[in-house]
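Q: I'm new to this one and would like to learn how to read it. Can we go through it together, feature by feature?

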Amino acid sequence: MSAKAISEQTGKEFLYKYICTTAAVQNRFRYATVTSETDWERLTQDHPWLQTEQLVVKPDQLIKRRGKLGLVGVDLDLQGVQEWLKPRLMRETTVGKAKGILKNFLIEPFVPHSQEEEFYVCIYATREGDYVLFHHEGGMDVGDVDSKAQRLLVGVDEKLTEGAVTEQLLAHVPDEKKQVLASFIVGLFNLYEDLYFTYLEINPLVVTEEGVYVLDMAAKIDATADFICKPKWGDVEFPPPFGREAYPEEAYIADLDAKSGASLKLTLLNPRGRIWTMVAGGGASVVYSDTICDLGGVDELANYGEYSGAPSEQQTYDYAKTILSLMTREKHPDGKVLIIGGSIANFTNVAATFKGIVRAIKDYQGPLKEHEVTIFVRRGGPNYQEGLRVMGEVGKTTGIPIHVFGTETHMTAIVGMALGHRPIPNQPPVAAHTANFLLNSSSSAATPATTRTASFSEHKLANDVTPAKKAKPGVPAAKATTLFSNHTKSIVWGMQTRAVQGMLDFDYVCSREEPSVAAMVYPFTGDHKQKFYWGHKEILLPVYKNMAEAMKKHPEVDVLISFASLRSAYDSTVETMQYPQIHTIAIIAEGIPEALTRKLIKTADEKGVTIIGPATVGGIKPGCFKIGNTGGMLDNILASKLYRPGSVAYVSRSGGMSNELNNIISRTTDGVYEGVAIGGDRYPGSTFMDHVLRYQDTPGVKMIVVLGEIGGTEEYKICEGVKEGRITKPVVCWCIGTCATMFSSEVQFGHAGACANQASETAVSKNKALREAGVFVPKSFDELGDVIRSVYDDLVANGVIIPAQEVPPPTVPMDYSWARELGLIRKPASFMTSICDERGQELIYAGMPITEVFKEEMGLGGVLGLLWFQRRLPRYACQFIEMCLMVTADHGPAVSGAHNTIVCARAGKDLVSSLTSGLLTIGDRFGGALDAAAKQFSKAFDSGMLPMEFVNKMKKDGKLIMGIGHRVKSINNPDMRVQILKDFVKQHFPATQLLDYALDVEKITTSKKPNLILNVDGLIGVAFVDLLRTCGGFTRDEADEFVEIGALNGIFVLGRSMGFIGHYLDQKRLKQGLYRHPWDDISYVLPEHMSM
């Protein structure tokens, strides 16, 4: 959602900080907030004026007309304010239909003034620009300001001047105040634009000799502009509408939503209600709420919410467990119902999201049974059969009653079942498997002739594209009537390979001669080719780094499909419109600020470009072209007969609901001719009327379906078009969001534009007006399919539509990755791993989530235990590992590894190269004795050799004893590293048999030569064997295996890497030049005949 109300305090803070005007704005930042937690002594210290001035106090909770409701205390001293608050603070009050607790109050200085000094000013956004309303009489008795106020429209990208304000708004203002007011209003408008306000009202605005006072203020800002306005906004809190509490669960879901590319929304309406919903899709969520309210469930509806945009299994799990937690806190005498609904998804993997819901159901199966919860499920889309299967399966295994339905069941039928208004079928029809689109009745895999490119009831035209007419200078260009044909070529902005492959598969089943995607643009890579499938064969599509090159190479392209992010969509669309060859742009991104969208609309209108979106899945023209993920996967394309045109054209806001319309229309008529989802934003690039008029002028379209929505007034233009005779084809229309008028407080639905700002914008008002204008309007969404069928049957009976014979489409092979996802094939994995899993929401080390690793303070030793040994080692073992890393970290610059690292660093090599150079010297002669020592001593000890026998055998075999001997240290000059480790092992290890054996060997070797001591490699090697054998976490075979596969040398490699990196950084910091070994340190020994 975009336009969000802010508190009066926040609005005034923005105004005082950022307004730029010559008018003297008084009482800047002089306000204080009071809640039940307020410390009055501290408050008066922070705001000394509270004790010296007369005051005004009022609630700051988005309550309108506070003065008329007796909720403003005027001209009070501080004690008077406290007395005024006593019967009101934390007390319940009723405002309209909403009941709520008064808990947040604002205190400001009282401004003595006369009625003649009060004015009214308001700025609000519309599609064509921003209106400035001004009335020379302000205050709570201003009345119907819409009819009284002077009005000035500031068009998109236009500036407001003081002259225009004075001339058009201030006619009834005394001359001495015109200059002050004009300057203030221009400053206010600039603030409104700069901080992305969508609504800003001041009533009254008081102008005295001292200056301008902003007494009462109400405002909304475009929350999607956060990425632009964050430096000025800071962290804005958006208070809930009065009458609805702000719940921590709502904040939790909002936080999940902010961190996700998907859409996750939750609004609690009645936490004690028995009807709970978990609906996929912004449009579908509104339809389900409508149906629940239509069937009398408004008082029991507990929540509104939606999840969409392909959330991951983990995100869906987090969303589902939040709802299940809320609904199992308080029992209801009639039990509870959970409606898990949704339209037919375009690209969301239904199985993946349902697996997240199933996990949550399993976690809450006890409370769900205790609260007598019955679950009703209806869904369609990619892999929905698997999703429904796992959902049905969890019902059987947990004993929770779960009724599961697919696309064969009308979308909202489960609401009637859940509320007891219709029977629950015992065995619903089983839908075909997702993979069944592979199995075609046609025995030939070859592409059939192009026999179905025109509508059922029209002849194929020689050229079915109506290009935009060239405009005369200064006159906006006319837009094309026909946006897509079976020759349309497009460029896709963004590396959306799955969407592109879906488009190519659609092209193939539509028997197009060539792919509809000519190229892709992706600024983050160089020019290259990307591989895709065209039917059975592989093809290459070019990918360009910049738009100019793509347009130059592909002059035949006239459509751009933009998957640019919300941050870059505006700039990339502006760039695209510089190329006259483009006449249609689809903008998929959700969350583009409304002010930027309006600029795009203005430019597009000037250039004759049709914009579909933003916040859309796109559109589809069966047999010709589809935008991105529209229409879902091939099984849905075939089930809804979208591979060939029908006679019905539709326009919808919602992408998910457009796919539901594909399903409804295919089941009730001869199919879809064209369908467009204009997007859920308040100002879509093209409107309902734009497309309805296109359909009116398209011979192949015989009837039109519109799925309108609460918010905006665009549907009234359809009423006018029908009344004036501009629209003559039958129109079936239903506006969703009828439930909004039944709620006691305002609810912002899933789409940014789905909010009524006045009575005429409600779905109920629009449906009534459409019905009165002669449009076919059902009684509810439940009856939409029946009305469409009735209108279609009449057209067939009258000979307007002549259904054609079906022609089977060609088969398209399934992608390997999707076939595997569906479980149709299996393949041995190239790799196996058992130590780490990064696929979920949280990184897991050997089965332990990373948060637990830190919570239990396992340290580096504990992590090493998990990743190397797949064990949670005892604390002493973790400490020993860390001590080993510390003592092996470095041994000076003279040893071979450090020397190599230094030489490499001084040669200008990078860190990794220098480190590798040093590591490559590790072996039996340098640092690699840990494994060898562990093996030699273990073998001797396990075979029962006495220490003397072991020493003698090694001498007889002519082998060195690994881990014995040191170049510098001796029995008389002991290595303190060895001493530290030995003391720790003796104190903490349960047993030290191998260490004791090695120390006995040391006694023998040092008696012969004092430097033949047990060195640090040897001690770590034998102590590690003792650790593995005695800590209780390993069998003897497992312990021996770790020694055998070289785990112990890893300790030296890991530890010494720290030292090598230190030497590298040291040389860089000292800026040492290229190393060249001195001649006098080299003995040149050449053959005699070559020497002088």
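Q: How many of the 1092 residues in the chain are buried, as a percentage?
A: Keep in mind that this is a predicted model. In it, 55% of the chain's 1092 residues are buried.

Q: What does the C-alpha trace span along its principal axes?
A: About 115 × 90 × 80 Å. Within the chain you'll find 37 helices and 35 strands. Take the contacts between residues at least 6 apart in sequence: 73% of them join residues at least 24 apart.

Q: Where does UniProt place the "domain: CoA-binding" feature?
A: The UniProt record, an unreviewed entry, lists it at residues 483–592. In the model, that span is 25% helix and 29% strand, and its end C-alpha atoms are 24 Å apart.

Q: How do I read a sheet, and in what order do the strands of the open sheet come?
A: The general idea is that strands of a sheet pair through backbone hydrogen bonds, either parallel or antiparallel. Here, 7 strands make an open sheet with mixed pairing, and you read them across as S22-S23-S21-S20-S24-S25-S26. At the edges sit strand S22 (528–534) and strand S26 (610–612), each of which pairs on one side only. Going from one strand to the next, the twist averages 25 degrees.

Q: How many bridges join strand S21 to strand S23?
A: There are 2 bridges between S21 (residues 517–521) and S23 (residues 537–544), and these two strands run parallel. Look for Val521, which stands opposite Tyr544 in S23.

Q: Which strands does helix H17 touch as it packs on the sheet?
A: Helix H17 (residues 569–576) touches strand S20 (490–493), strand S24 (559–562) and strand S25 (584–587). The helix direction makes about 175 degrees with that of S25.

Q: How many disulfides does the structure hold?
A: In general, a disulfide is a covalent bond between the sulfur atoms of two cysteines. This structure holds 0 of them. For Cys20, the nearest cysteine sulfur belongs to Cys229 and is 17 Å away. For Cys739, the nearest is that of Cys293, 4.8 Å away. The cut-off for a disulfide is a pair of sulfur atoms within 2.5 Å.

Q: Are Cys20 and Cys739 buried or exposed?
A: Cys20 counts as exposed because its relative accessibility is 66%. Cys739 has a relative accessible area of 0%, so this cysteine is buried.

Methods:
Residues numbered from 1 in each chain as written. Predicted model: local features only at pLDDT ≥ 70, side-chain atom pairs only at ≥ 80, totals over all residues. Heavy atoms only, no water. UniProt positions renumbered as here; feature names shortened; annotations may be inferred. Helix = DSSP H or I, 4+ residues; strand = E, 2+ residues; numbered from the N terminus. Pairing = 2+ DSSP bridges. Axes fitted to C-alpha atoms, helices over the stretch in contact; angles between N-to-C directions. Contact = heavy atoms within 4.5 Å. Buried < 20%, exposed > 50% of the residue type's maximum accessible area, 1.4 Å probe, protein only.
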